[in-house]
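Here's a quick tour of how this model is packed on the inside. Have the structure open as you read.

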Number of protein chains: 2
Amino acid sequence: MSAVSDSIERFIIELLSESNDIELRRNQLAQYFGCSPSQINYVLTTRFSPEKGYLITSKRGGGGHITIARIQTDKQELLYSLISGGIGDSLDKGRAKSIIQRLYNEKIVSLREAHLLWAAMEDSALLPHAACDKQRAVTLKRMLTTLLKEE
Amino acid sequence: MSAVSDSIERFIIELLSESNDIELRRNQLAQYFGCSPSQINYVLTTRFSPEKGYLITSKRGGGGHITIARIQTDKQELLYSLISGGIGDSLDKGRAKSIIQRLYNEKIVSLREAHLLWAAMEDSALLPHAACDKQRAVTLKRMLTTLLKEE
DNA sequence: TAAAGTCAAAAGTCAAGGAAAGTCAAAAGT
DNA sequence: ACTTTTGACTTTCCTTGACTTTTGACTTTA
């Protein structure tokens with residue numbers, strides 16, 4: 001069924017719903033889920049990236065730990081920073097998804113709107129061309145700009 | 001002799017009569033029907049296309065799966081007719097605008113959503129002008145299709 | 001006793017391998 | 001002729017393990 005990584009992700013999100021930042025031991029968590037410790041890193045980098053609105057800090061050695069914090073952002077500020085620099089000139093599907101996910105998490109767009117944004121990011125919605133990623137970047141920025149203007 | 005594809009189709013339709021939205025593993029299903037996995041794709045593309053009123057999403061890799069969702073066609077006939085025929089293969093800016101205007105008038109999309117749709121319809125410097133209208137048609141259809149998915 | 005050295009216990013990195021779905025064209029039915 | 005079916009190949013995502021780096025606690029030494 002659903003992969004172990006998904007369970008770990010849900011677990012962490014659950015913890016984060018209690019408080020804004022959490023601290024955990026990598027090995028302990030790995031043992032709890034019966035997986036290798038480095039899989040924790042995999043989950044963190046793929047699902048809790050800065051792009052998705054999370055900040056990871058950690059400490060090695062004795063008494064080491066990992067801290068995961070949700071980034072607090074002003075909505076306008078986030079939109080603006082995405083448009084002017086955050087997105088850049090080229091945007092692959094993975095990053096597009098992360099960004100849209102975050103806009104939804106931060107309640108900047110509704111679920112419906114997120115789906116609209118995502119639909120415009122699909123390869124099948126773009127030209128079959130090498131410049132696909134560039135196209136994506138331009139389109140997303142254009143769409144976000146309209147959101148910015150409205151409020 | 002009724003083809004295996006027909007059985008698979010009936011099977012899926014049966015599942016969809018229970019819930020509006022099902023998730024299945026491709027390999028498992030293929031094994032169940034004693035056919036090759038890629039035949040599942042064949043069935044999905046020939047019998048469960050958006051034009052026929054279905055939406056397919058999937059994930060690869062470990063824990064991967066395919067989800068099939070039935071589209072609500074009764075309540076949203078306008079969307080449906082636009083997607084399957086109304087928009088066609090090519091769409092200039094004027095037609096795009098009037099379609100979006102109509103969607104808003106009919107209260108199928110909010111003002112914000114209309115703006116998002118419109119933003120994705122703008123000409124982009126990156127696109128070769130000749131292909132522009134085709135691009136627009138594909139993108140708009142893609143976006144409307146996702147709206148159908150939600151109830 | 002304070003600086004330096006040692007060690008084990010963390011976490012990090014990365015590449016290889018595995019698991020699942022996607023694609024496409026050729027073969028096989030009808 | 002047209003639809004089905006298959007299999008080889010591709011792409012995407014997940015999992016692991018071997019190796020590295022960092023740290024705090026403990027030990028040694030002047």
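## Ground rules

This is a predicted model, so to speak: local features need pLDDT of at least 70, side-chain atom pairs count only at pLDDT 80 or more, and totals for chains, interfaces and linings use all residues. Residues are numbered from 1 along each chain as its sequence is written, chains are lettered from A and ligands numbered from 1 in written order, and side-chain values use heavy atoms, with hydrogens and water left out.

## The cores

A nonpolar core here is a set of buried Ala, Val, Leu, Ile, Met, Phe, Trp, Tyr and Cys residues joined through side-chain atoms within 4.5 Å. Buried means under 20% relative accessible area, exposed over 50%, and partly exposed in between (1.4 Å probe, protein chains only).

The largest one has 32 residues, and Leu82(A), Leu103(A) and Leu103(B) touch the most other members. A second, separate core of 16 residues includes Leu16(A) and Phe48(A).

## H4 against H5

Helices are DSSP runs (H or I, at least four residues), numbered from the N terminus. H4(A) and H5(A) pack at about 165°, which makes the pair roughly antiparallel (angles over 145 degrees, taken from 0 to 180 between N-to-C directions). Their axes, lines fitted to C-alpha atoms over the stretch in contact, sit 11 Å apart.

## Arg95(A)

Arg95(A) lies in helix H5 of chain A and, at 24% relative accessibility, counts as partly exposed. Arg95(A) touches Glu51(A), Gly86(A), Ile87(A) and Ser90(A), leaving out residues up to four places away in sequence; touching means heavy atoms within 4.5 Å.

Methods:
Helices (H or I, at least four residues) and strands (E, at least two) are DSSP runs, numbered from the N terminus. Angles under 35 degrees count as roughly parallel, over 145 as roughly antiparallel, 65 to 115 as roughly perpendicular and the rest as oblique.
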